[in-house]
Amino acid sequence: MRKILNIIALLIVAGVAGIYFTLGPSFLIGGPKTSDIVDVSRAVLIATAADPSQANLAKAAKISPKGLCSHNQDGSYACLIDIEIEGTAPKSLVAVLKKGAGGAWIATE
């Protein structure tokens, strides 16, 4: 019996770890998935680019969410991201996301 309980505990830990590493830690607390954070951040970078060459750099940028997103009282999530754009030094920024009317994650203003 004890062996079965140990196996079940290990399976639960492995399942939570799998979710943590594939969907991101914020997903476990109702926040955006890692891919949502990257997609929304990239869309904002492209939309705010001053010219087409900057938009192309934004499309190729490496965006990496870091850790848990902070849940705000208005229902939004503030997520720390690292952005590496070719030809510039890496930057750490905060992306603030909120669920839109259709249920998709969107950037807040």
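Modeller: A nonpolar core is a set of buried Ala, Val, Leu, Ile, Met, Phe, Trp, Tyr and Cys residues joined through side-chain atoms within 4.5 Å, where buried means under 20% relative accessible area, exposed over 50% and partly exposed in between (1.4 Å probe, protein chains only). This is a predicted model, in which local features need pLDDT of at least 70, side-chain atom pairs count only at pLDDT 80 or more, and totals for chains, interfaces and linings use all residues. Residues are numbered from 1 along each chain as its sequence is written, and side-chain values use heavy atoms, leaving out hydrogens and water.

Biologist: Which element gives the largest share of the largest nonpolar core?

Modeller: This core has 13 residues, and Ile37, Cys79, Ile81 and Leu97 have the most contacts inside it. Two or more residues each come from helix 2 (34-47), strand 1 (62-71), strand 2 (77-84) and strand 3 (91-99), named as DSSP runs of at least four residues for helices (H or I) and two for strands (E), numbered from the N terminus. The largest share, four residues, comes from strand 2.

Biologist: Which residue in strand 2 stands opposite Pro65?

Modeller: Strand 1 and strand 2 run antiparallel and are joined by seven bridges, while pairing needs at least two in DSSP. The residue opposite Pro65 is Ile81.
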